Amino acid sequence: MRYPKECVLKECVEAVIRPLEPGDRSRLDVFYKRIPESDRWFMNYDVMDPEIMEKWFEAVAQDRVCSILALCEEKVVGQGSLYLRGFGATSHVGRFRIVVLPDFRNKRLGTWLLLDLIQLAMDRGLEMLRADLVAGVEDNAIEAVQKFDFFKFGKLEKYVKDINGKRQDLVVMVKRLHKEWSDF
């Protein structure tokens, strides 16, 4: 995949997508501080913890995570990650997470990031891509991935708790991947 990639969002806003670089740590810290705590709550790790972020950057350096950033005027406005398992029964499945600043949601930035993550997964030879999304909280994301042939693989009822302790359903969305886009 060629980077940097320029893209035009709704309302003619321009963004650049490129891989995460080691020097992006402070930019990413600023980005996550701008994400509402109620959104960060549903991430699998505490992005506000410097030790967690250090381990995450190590995983990127060790090629266990592929991470891309979307920048607008040199500020991170979106981030996508593809999590890889190099060994075991699920090594053919990648998991992903996309996070977008509230001001950049519903402008197709998530779509651009998702397309790149799908391509990265295909380039890695993965057979499936999985996203775990919270019903009632991430309904827009569930609807968006369905447009890219993700299907509801399962639902874990009342599985996660929101920041106030209210239980929510976790929806497992899966996409079967092909070797090339022309195989669809």
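1. What share of the contacts in the protein with a separation of 6 or more comes from residues 24 or more positions apart? Such pairs account for 60% of those contacts, where contact means heavy atoms within 4.5 Å.

2. On provenance, this is a predicted model, in which local features need pLDDT of at least 70 and side-chain atom pairs count only at pLDDT 80 or more, while totals for chains, interfaces and linings use all residues. Residues are numbered from 1 along each chain as its sequence is written, and side-chain values use heavy atoms, with hydrogens and water left out.

3. The secondary structure consists of five helices and eight strands, taken as DSSP runs (H or I of at least four residues for helices, E of at least two for strands) and numbered from the N terminus. Read from that end, the order of elements is β-β-α-α-α-β-β-β-α-β-α-β-β.

4. As to overall dimensions, the radius of gyration of the protein is 16 Å, which agrees with the value near 16 Å for a compact globule of 184 residues; the radius is taken over C-alpha atoms, and the globule rule is 2.2 Å times the number of residues to the power 0.38. Along the principal axes, the C-alpha atoms fill a box of roughly 45 × 40 × 35 Å.

5. Of the 184 residues, 43% are buried, where buried means under 20% relative accessible area, exposed over 50%, and partly exposed in between (1.4 Å probe, protein chains only). The protein exposes about 10700 Å², with 49% of it supplied by carbon and sulfur atoms, as computed by the Shrake-Rupley method with a 1.4 Å probe.

6. The charged side chains number 30 positive and 30 negative, and the centres of the two sets lie 4 Å apart. Here Lys and Arg count as positive and Asp and Glu as negative, without His or the chain ends, and each charge is placed at NZ of Lys, CZ of Arg, CG of Asp or CD of Glu.

7. Pro4, in the segment before strand E1 (5-8), is exposed, with a relative accessible area of 61%. Apart from its neighbours within four places in sequence, Pro4 is in contact with Val16, Ile17 and Arg18, whereas its C-alpha atom is separated by 20 Å from that of Phe96, 92 residues apart along the chain.

8. With a disulfide defined as a pair of cysteine sulfur atoms within 2.5 Å, the count comes to zero. For Cys7, the nearest cysteine sulfur is that of Cys72, 9.3 Å away, and Cys7 is buried at a relative accessible area of 2%. Cys66 is likewise in no disulfide, the nearest cysteine sulfur being that of Cys7 at 19 Å, and Cys66 is buried, with a relative accessible area of 10%.
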